[in-house]
Each structure stands twice: as C-alpha cells, then as structure tokens.
Amino acid sequence: MRNNLTIQLSRTCFERTVLEIADLLPSGIKESLDNVQILVRAWPSHEQLSTAGLDERHDLLGLYEGIPRIERGNYNLSLPDVIWLFQRPLESLCEDYWQLRAEIRMTMLHEIGHHLGWDDQQLEALEA
C-alpha cells in the first residue's frame with residue numbers, strides 16, 4: 001500500500017543501507033550467495049515487470065534473476081545471478097528509515113529464498 005508520507009534516500013545512502021543489511025544476514029545465508037550480486041535500480045524495467053507478471057512499477061520491490069541452486073547442474077564459469085532491489089517502490093511503502101530497512105531486509109530475504117529454491121510456503125513463512 002502506497003502512502004503520501006514516504007521516505008526518499010539518495011542512491012548512495014540506499015545502496016549503503018542495502019550493503020549493511022546484507023552484511024547482517026545470518027552467515028549460512030551469506031555463504032549461499034556465492035556468484036550472486038545484489039544490485040539496486042530506482043525502478044524495475046518493463047522487461048522485469050513482464051517477467052514478474054506485473055503492470056504497475058510500484059508493485060515490484062525486488063526480483064531474482066538466475067538459476068535457483070536446487071536446479072543447477074554444472075554451474076562453473078557462469079555469470080552471476082542477480083537479486084534486484086527497486087529503491088523507489090520500496091521507499092513508497094515506508095514512512096521512516098527504520099521501516100525502510102525492514103522492507104529492504106524482507107525483500108532481500110524473499111529474493112534470496114528464490115535463489116535457494118524455496119517454495120511458496122517457505123517464502124510465506126518469512127513474512128510471519
């Protein structure tokens with residue numbers, strides 16, 4: 001749900017916040033992110049919206065692009081998978097910095113779940 005009292009960070013501050021949150025993830029999760037980049041974009045592209053089956057750019061907070069770990073065969077010398085975090089949609093949900101940090105962390109964990117091949121039930125458990 002979008003609100004009228006949103007926070008907006010500079011791109012540098014937002015990226016620094018993402019790095020801090022990633023650094024605070026449990027070690028087991030961080031270790032699973034070999035050959036995975038976490039990148040920030042202000043808004044999702046039209047292709048990313050289409051991939052997610054969405055029309056409204058505010059509705060896509062993050063996106064995993066890659067091959068889930070459980071589906072990999074020989075995965076040597078491959079380009080890194082990417083977890084995208086979309087700054088403006090995330091900010092549009094939040095009234096303050098601490099709420100934004102929580103949304104970034106939840107979105108990051110959700111996309112990491114896709115990377116790990118978690119099913120819908122496991123992903124929903126993150127939100128509980």
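Biologist: Is Asn 35 buried, exposed or partly exposed, and what is its relative accessible area?

Modeller: This is a predicted model. Asn 35 sits in the loop between helix 2 (27–31) and strand 1. Buried means under 20% relative accessible area and exposed means over 50%. Asn 35 lies in between, so it is partly exposed, with a relative accessible area of 32%.

Biologist: What is the phi of Asn 35?

Modeller: Asn 35 is not a glycine. Even so, its phi is positive, at about 60°.

Biologist: Is Leu 79 buried or exposed?

Modeller: Leu 79 is placed in the loop between strand 2 and strand 3. Its relative accessible area is 72%. The cut-off for exposed is over 50%, so Leu 79 counts as exposed.

Biologist: How many Å apart in space are Leu 79 and Val 36?

Modeller: In sequence, 43 residues separate Leu 79 from Val 36. From C-alpha to C-alpha, the distance in space is 8.8 Å.

Biologist: In what order do the strands of the open sheet come?

Modeller: The sheet has 3 strands, and their pairing is mixed. Strand 1 and strand 2 (62–65) are the edge strands, each pairing on one side only. Neighbouring strands are turned by 20° against each other on average, direction ignored. The order is 1-3-2.

Biologist: Which residue in strand 3 is the bridge partner of Leu 39?

Modeller: Strand 1 and strand 3 pair in the parallel sense, over 6 bridges. The partner of Leu 39 in strand 3 is Trp 84.

Biologist: What angle does the direction of helix 1 make with that of strand 1?

Modeller: Helix 1 packs on the sheet, where it touches strand 1 and strand 3. The angle between its direction and that of strand 1 is about 150°.

Biologist: Which element gives the largest share of the largest nonpolar core?

Modeller: This core has 24 residues, and Phe 14, Leu 100, Ile 104, Met 108 and Ile 112 touch the most other members. Two or more residues each come from helix 1 (11–23), strand 1 (36–41), strand 3 (81–86) and helix 5 (97–116). The largest share, 6 residues, comes from helix 5.

Biologist: Leaving aside neighbours within four places in sequence, which residues are in contact with Phe 14?

Modeller: Phe 14 is among the core residues that touch the most other members. With those sequence neighbours left aside, its contacts are Leu 9, Val 40, Gln 87, Leu 90, Glu 91, Leu 100 and Ile 104.

Technical notes:
Residues are numbered from 1 along each chain as its sequence is written. This is a predicted model: local features need pLDDT of at least 70, side-chain atom pairs count only at pLDDT 80 or more; totals for chains, interfaces and linings use all residues. Side-chain values use heavy atoms; hydrogens and water are left out. A nonpolar core is a set of buried Ala, Val, Leu, Ile, Met, Phe, Trp, Tyr and Cys residues joined through side-chain atoms within 4.5 Å. Buried means under 20% relative accessible area, exposed over 50%, partly exposed in between (1.4 Å probe, protein chains only). Helices (H or I, at least four residues) and strands (E, at least two) are DSSP runs, numbered from the N terminus. Contact means heavy atoms within 4.5 Å. Two strands pair if DSSP finds at least two bridges between them. Axes are lines fitted to C-alpha atoms, for helices over the stretch in contact, and angles run from 0 to 180 degrees between N-to-C directions.
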